[in-house]
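Hi everyone, thanks for coming. Let's have a look at this protein together, starting on the screen.

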Amino acid sequence: MYQYHCLNPISQIGLDKFTENYQKTEAAEAADAILVRSASMHEMELPENLKVVARAGAGVNNIPLDRCAEKGIVVFNTPGANANGVKELVIAGMLLAARDIIGGINWVQEYEEDGDIAKITEKKKKAFAGTELEGKKIGVIGLGAIGVLVANAATHLGMEVYGYDPYVSVDAAWKLSRNIHHAKSVDELYKECDYLTVHVPALDDTKGMINKDAISLMKDGVVILNFARDVLVNQEDIVDALVSEKVRSYVTDFPTKEIVGVRGAIVIPHLGASTEESEDNCAKMAVAEVMDYLQNGNITHSVNYPDCDMGVKGSGARITILHRNIPNMLGQFTALLAGEGMNISLMANKSKKEYAYTMIDVESEVSGQIAKALEAVEGVLKVRVIV
């Protein structure tokens, strides 16, 4: 029986996917698996029994990835599960920026007691009219699950779409509309586009990527949309650009003390992935990842270990080893098993930067002594035997 603990409310539709071999526990220290959304785990003491953390969402800045990796805890996220919800809000953000819808609604509410509101409206509405999206150029920075959907949707709105992603996956490339212009540099998007939307993870080389230097290359009156992470945009620089009207509008899903209340800023309270459908989809994917890992040892969508899949475990035992990515690990593992007269029927090994993962199917029983011998190999972080 495996036990799981939820640090945040997780969609019951997803939790219902757990089989009878799984039991919810209110004690985090007893959990084999933790499911989390936004709760911070950085100050949390990681339980010795904990094997897996599943983030019901894409961002993992609330999880201590390195500390988990060092303790042999695999961290998953759910890329793409909330993509449609974010895409729809990005499109809404573009419309809010193109037409002063919010300003117009606020103006109408000021006249709610005025009996002549219909007549006054005809005189005042031009102040909120705005422009159309059709025919405008939009640059999509990052063509992952969300970026692809945004780019394709923009083509259907009649926009001229430029995409940039030096690491675009084959799967994402297949999903992209043929009408999208593939830019060779992000500077090309900065110079050409009326709208810019950023959809990249928060990494050392992407934090603050939208700064005064980038903005200086952009068209006057550009609209910037950020539904990825607040740290991708330098807050002081975007405020200066709004005040000077170099940037016409900054639409963001991340309220910060610097940007709230600035003229031209449309600040949304982090609603991108908060739809019922997105939360359900993220929960279902997270539960599926947890069960496949605990029952079969397969890793899919990990952010701190390599993905590795050997399918459904057969009738024999499966040994899984989380270890450092250093030479001769496989040789030591196979030598230990051979010394015990154990035959290997299937084996897989994958690495990701400084960490690696090995899965071994054997035809005989794996004793506690063998498991301890594998754990004693220098560089091994955690050994599990799935029977």
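Before the tour, one definition: a residue is buried under 20% relative accessible area, exposed over 50%, and partly exposed in between, using a 1.4 Å probe and protein chains only. Keep in mind that this is a predicted model: local features need pLDDT of at least 70, side-chain atom pairs count only at pLDDT 80 or more, and totals for chains, interfaces and linings use all residues. Residues are numbered from 1 along each chain as its sequence is written, and side-chain values use heavy atoms, with hydrogens and water left out.

Okay, the overall picture. Of the 387 residues, 48% count as buried. The C-alpha trace spans about 90 × 45 × 35 Å along its principal axes. The protein has 13 helices and 16 strands; those are DSSP runs numbered from the N terminus, with helices being H or I of at least four residues and strands being E of at least two.

Now, salt bridges, meaning a side-chain nitrogen of Lys or Arg within 4 Å of a carboxyl oxygen of Asp or Glu. How many does the structure hold? There are 12.

One of them joins K257 and E258, at 3.2 Å from N to O. K257 is exposed, at 74% relative accessibility, while E258 is partly exposed at 32%.

Another pairs K219 with D194, 3.1 Å from N to O. K219 sits in the loop between α9 (212-217) and β10 (222-226), and D194 in the loop between α8 (186-192) and β9 (195-198), so this bridge ties together parts that are 25 residues apart in sequence. K219 is partly exposed at 30%, and D194 is partly exposed at 21%.

Then there's K246 with D220, at 2.9 Å from N to O. That pair links distant parts of the chain, 26 residues apart: K246 is in the loop between α10 (235-243) and β11, and D220 is in the loop between α9 and β10. D220 is exposed, with 64% relative accessibility.

I101 is in helix α4, residues 101-110, and is partly exposed at 36%. A173 is in helix α7, residues 170-175, and is partly exposed too, at 40%.
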